[in-house]
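Here's a quick tour of a protein model, written for someone new to reading structures.

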Amino acid sequence: RRQRARRAMPRGKGHCPNCGADKWAEIEAEFEHTEANDVVSCAYVHRILRCGGCDRIYFQTNSWFSEDDPQDGPVVTHWPPPVRRKLPKWLFQLREIDNLLYLTALESNVAANQELYTLAAIGIRTIFDRSAEMLGVDPNLNFADKLSALDRMDKISGDERAALEILTDAGSAAAHRAWRPTAEQLDTMMDVIESFIHRSFFVSRAAAELASQVPARPRRTRP
């Protein structure tokens, strides 16, 4: 039986969750509506898009507000929202180590991708607290004493301690001093804490496993 030809669909550009921004997509469905009162009005165009590269289905909204400058064009949003940072490959393995640490790291990544930078920064400070506790540090110590304890236990190097001091101070500033990091500053904070987690919980275990699998050096025979 011959397969029925698919009719040509109108096309537009969107931010595909798989392929990234500004990708061509087929417009599978479109719906327009407006909201207005005596003072202002809003217009919306909702679209269901199918990515031309990977066939992923996603949702796009173009919105116009009557008080905005028409030259600025519509405000474009997508669902699922675009991801700024990809989740670390090892993130879901954290569940095997500690579920609370996994959930805190996951929620901080979600907050970062939703541009909730203050909440993400506070979450990063909490990740450090929980990580230190999992490494054997007394959770009742303050940040400085926790870093000193990790140093004495040879869990961190001098350079890493300096980076973690800045990290914990930034998290405290977000929680107590109304500081909101920029996207770039938050990326730096995420890089520091993810490096700390990866080295502390995964690299050391992988190295130990590797050591157990490397063949022993053969004994030298005397002539």
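## Strands that pair up

Two strands count as paired if DSSP finds at least two bridges between them. Strands (E, at least two residues) and helices (H or I, at least four) are DSSP runs, numbered from the N terminus.

This is a predicted model, where local features need pLDDT of at least 70 and side-chain atom pairs count only at pLDDT 80 or more, while totals for chains, interfaces and linings use all residues. Residues are numbered from 1 along each chain as its sequence is written, and side-chain values use heavy atoms, leaving out hydrogens and water.

Now for S2 (residues 20-36), which runs antiparallel to S3 (residues 41-51), with 11 bridges joining them. Four residues make the hairpin link from S2 to S3.

S2 also pairs with S1 (residues 11-16), again in the antiparallel sense, over five bridges. Here Gly 14 has Lys 23 of S2 as its bridge partner, and the hairpin has three residues between S1 and S2.

## A cavity inside

On a 1 Å grid over the protein atoms alone, a cavity is a set of points where a 1.4 Å probe fits but cannot get out, and lining residues have an atom within 4 Å of a point. Points are joined across faces, edges and corners, and the volume is the space filled by probe spheres set on them.

How many cavities of 30 Å³ or more are there? The count is one, and the largest cavity has a volume of about 50 Å³. Its lining includes Trp 90, Asn 109 and Glu 194. Helix H6 (183-213) and helix H2 (99-113) each give two or more residues to that lining, and H6 gives the most, with four.

Conventions:
1 Å grid on protein atoms, 1.4 Å probe; cavity = no way out; pocket = protein on both sides within 12 Å on 5 of 7 lines; lining within 4 Å.
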